[in-house]
Amino acid sequence: MPRPVLGYVLGVELTALLAVAGTLFLPHERIGGDGLGLAAALIALGMLSAEMTRGVERMRRQFADAPHVNMTSVWTMAAALLVPPALAAAVTVVLYLHLWWRSWRDAAGMHAFRVVFSACVVILSCTVVALLTTVLPGGGIPGFARPEGLFSIIAIIAVYWLVNSALVAMVICLSRGERSIRRLAGAWSENSLEIATLCVGVLVAALALWRPWLVVLVLPPLYVLHRSVLVRQLEYAATTDHKTGLLNASSWHSLAATEFERARRNGTEISVLMVDLDHFKHVNDELGHLVGDQVLRAVADLMRAEVRRYDLCGRFGGEEFVVLLPETGVAGAAEVAERIRVAIREHRMDEAAVGERAARLRLTVSIGAAACPQAGESVEDVLLAADNALFAAKSAGRDKVLSVGLP
């Protein structure tokens, strides 16, 4: 590990250890028989849930686009609300050890030190939540029986999620040099899954105090949720280019055909941009393929930032990208292409992520634009016209935008 990353990881782990040790000296955090029984029950339920979903979790881990969200938060959140922080830490350690041994041990890149760091992040989140319950109205789950206690519950879930997300985002920032909020925080789908598991954890804590035997009814919904998340991950893996996060060529073409059909029915224009990264072979040859992959990701992010949410961005192959712009004529497409060209030309790679030599890169793209119906009626016709315009832009000196039908 680079020294800043190593220092941060060890700092988080030491902080988690000191935080748990410190709570042992708080007078109201004495560990009694009831706490031990609740902790043992949560460990048993968590391990049972992990065994039920073991095969699903292994596949999810394989297809995960970090940060990976597992369902352990259900039991760690319940532990943070029901037992002293030291016991919540014990619940976390046992469940993460079990997950690593049974599901993650053979996963590529899932080394033991990653599990230790993840467990320490959860321990810190649980400790902060436990301390928060001492100052919120009601003083914990027993006091949330009144409707106004809902605001305290929302605050607890938000704090747990924020602490967890911030600690993980920082290690990603230090290790990969990422600055994009989207890449640091992860996709909304992953964050919404984490929030959902925390909500279930609060319900588990409430049931444990009200009707403990009903907690087992949480297990079947968790199993179904786990499987549905795996299906979504598999769909994402099948349709997405893993280097850039854009649509892959086949998925883009399928969605583009649907949009062309809609445009024909509604009598609206639709445009296509073909974008090619200039001199990309020199980047791979001189700086290596790892830097080349970071360049592709940077270009993909810049393209996404310059188009609308419902425009379709895809990686067509190699250093070539494609953008579909519904309800946009060739003049509007040329304006979007120019914004993309300028954004990429003005972009500077992060020196901390790619090194001094790569940070001096001056990226440029050549772009061809064409629209339906002027350039043709089908996806293939408009793609061919945009591709011809792209070759003309490269022949004219690169770093240019040329459009079919515009001077």
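These are my notebook entries on one predicted protein model.

**Ground rules**

I worked from a predicted model, where local features need pLDDT of at least 70, side-chain atom pairs count only at pLDDT 80 or more, and totals for chains, interfaces and linings use all residues. Residues are numbered from 1 along each chain as its sequence is written, and side-chain values use heavy atoms, with hydrogens and water left out.

**Entry 1: the whole chain**

I began with the overall make-up. The protein chain has 17 helices and five strands. Helices (H or I, at least four residues) and strands (E, at least two) are DSSP runs, numbered from the N terminus. I then looked up burial. Of the 407 residues, 48% count as buried. Buried means under 20% relative accessible area, exposed means over 50%, and partly exposed lies in between (1.4 Å probe, protein chains only).

Next I checked contacts, meaning heavy atoms within 4.5 Å. Among contacts with a separation of 6 or more, 75% are between residues 24 or more positions apart. The accessible surface comes to about 19,700 Å². Carbon and sulfur atoms hold 62% of that surface. Accessible areas come from the Shrake-Rupley method with a 1.4 Å probe; for residues, only the protein chains shown count as cover.

**Entry 2: strand 3**

I turned to strand 3, residues 320-326. How many of its residues are buried? Seven of its seven are. I looked at each face in turn. Glu320, Val322, Leu324 and Pro326 lie on one side. Phe321, Val323 and Leu325 lie on the other. Both faces are covered.

Which strands pair with strand 3? Strand 1 (residues 270-277) runs antiparallel to strand 3, and seven bridges join them. Strand 2 (residues 312-317) also pairs with strand 3 in the antiparallel sense, over five bridges. Two strands pair if DSSP finds at least two bridges between them.

Isoleucine 270 stands opposite proline 326. Glycine 314 has valine 322 as its bridge partner. Strand 2 and strand 3 also form a hairpin, with two residues between them. In that turn, glycine 318 has a positive phi of about 60°.

I moved to helix 1, residues 3-23.

I found a cis peptide bond from cysteine 372 to proline 373, with omega near 15°. Proline 373 lies in the loop between strand 4 (365-372) and helix 17 (379-395).

The loop between helix 17 and strand 5 (401-403) holds arginine 398. Arginine 398 has a positive phi of about 70°, although it is not a glycine. At 31% relative accessibility, arginine 398 is partly exposed. Aspartate 399 is found in the loop between helix 17 and strand 5 too. Its phi is also positive, near 55°. Aspartate 399 counts as buried because its relative accessibility is 16%.
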